[in-house]
Amino acid sequence: MTYIGRFAPSPTGPLHAGSLVAALASWLDARAHGGCWLVRIEDVDATRCHADLPRRIMRQLLQHALVPDAEPAVQSQRHAQYQQALNQLIGRSLAYPCTCSRKQIAGHWAGHGQSPQRHGERVYPGTCRPQRGAAPAPVPAQPHAWRLDIAACLQRQGLPADAATVWNDRRLGAQQQVVTQAVGDFVLRRADGLWAYQLAVVVDDADQGVTHVVRGEDLADNTARQIVLQQALDLPTPRYLHTPLVRGTNGEKLSKQNGAEALPEGQEPQALANLQAAARVLDLPPAQAATPHQALAQWTDAWRRRWAD
């Protein structure tokens, strides 16, 4: 099997210390396996992305000697592929339209005296889900999202609706999640017409032939949903490795949303210092090197000894 890995930044801000850790880990894993390393610009949410940032992100990667093996893929150029996948799910009765607003979903749970929240978003209660075996309801005229029918997806695999989705993370070990309970039927396309992250990333990974996903530990929670969606679309499931996170002084994950500063930019000494800091997060030994290229060669050997299975 030819190894294909990827780094998939969102152009909502320049790369920071946390995103460099993810980029370095995915690059090292690809090189340690003698594989291909791709970059994908995840700009599917146009409301949060900036047109000038993809170029800056690519410049930052090159400054750190993290050079992809092909031109970057760009999600905003792939709407037709996402629509094709959604049509396939609709044709299999695995997706349905939903007119529920967040306020209505919150009202449902408040009426039941509950407030089950995941990262600030409530688990979808299935209000618009069609009855099992019933004819699909007409597509509503008002704005609507499309959701994945998780129970129908599992039943298509011969599994009960409360079956756990299980996988093995190369770093975290055995993982599982009952998606119907932990997440509910998640959105594939939003009511404003924008594609949801879960659908876009699954379609993109399959189209790019990605065999190994190396990304931050904060994204591990997405894996079960993506596996269910991969199976619903008859797509292969990559191997996953979720890396440690860079945290701020408050203990929260360092991110653009909580004010993470852009990587310091400069000549090779600055790039090498940035990489040394990222390597420490990944528990790699300090590189005895004068350039980023020399450091990367040393860390590739160290990574191969630990992770090249």
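## Aromatic pairs and overall architecture

The structure holds three aromatic pairs; rings of Phe, Tyr and Trp (its six-membered ring) pair if their centres lie within 6.5 Å, and planes under 30 degrees apart count as stacked, over 60 as edge-to-face and the rest as tilted. Two of the pairs are described here, after a note on the model.

This is a predicted model, in which local features need pLDDT of at least 70 and side-chain atom pairs count only at pLDDT 80 or more, while totals for chains, interfaces and linings use all residues. Residues are numbered from 1 along each chain as its sequence is written, and side-chain values use heavy atoms, with hydrogens and water left out.

| Aromatic pair | Centre to centre | Angle between planes | Arrangement |
|---|---|---|---|
| Phenylalanine 7 and tryptophan 37 | 6.4 Å | 15° | stacked |
| Tyrosine 82 and tryptophan 195 | 6.0 Å | 65° | edge-to-face |

Phenylalanine 7 belongs to strand E1 (residues 4-7) and tryptophan 37 to strand E2 (residues 36-41), so their pair ties together parts that are 30 residues apart in sequence. Helices (H or I, at least four residues) and strands (E, at least two) are DSSP runs, numbered from the N terminus. Phenylalanine 7 and tryptophan 37 are both buried; buried means under 20% relative accessible area, exposed over 50%, and partly exposed in between (1.4 Å probe, protein chains only).

Tyrosine 82 lies in helix H3 (residues 79-91), and tryptophan 195 in the loop between strand E10 (187-189) and helix H7 (197-207), so this pair ties together parts that are 113 residues apart in sequence. Tyrosine 82 and tryptophan 195 are buried. Arginine 189 also lies over the face of tryptophan 195, at 5.5 Å from the ring centre; a charge sits over a ring if NZ of Lys or CZ of Arg is within 6 Å of the ring centre and within 35 degrees of the ring normal.

Two strands pair if DSSP finds at least two bridges between them. E2 and E3 run parallel and are joined by two bridges; isoleucine 41 has valine 74 in E3 as its bridge partner.

Isoleucine 105, in helix H4 (residues 102-111), counts as buried because its relative accessibility is 8%. Leaving aside residues up to four places away in sequence, isoleucine 105 touches several residues, including Tyr124 and Arg147; contact means heavy atoms within 4.5 Å. The charged end of arginine 147 sits over the ring of tyrosine 124, 3.7 Å from its centre.

Histidine 242, in strand E12 (residues 239-243), is buried, with a relative accessible area of 0%. Its side chain and that of arginine 215 are joined by a polar contact of 3.0 Å. A polar contact is a pair of N or O atoms within 3.5 Å; within protein, one must be able to donate a hydrogen and the other to accept it, and residues adjacent in sequence count only if both atoms are side-chain atoms.

## The whole chain

The protein chain has 10 helices and 12 strands, and 49% of its 309 residues count as buried.
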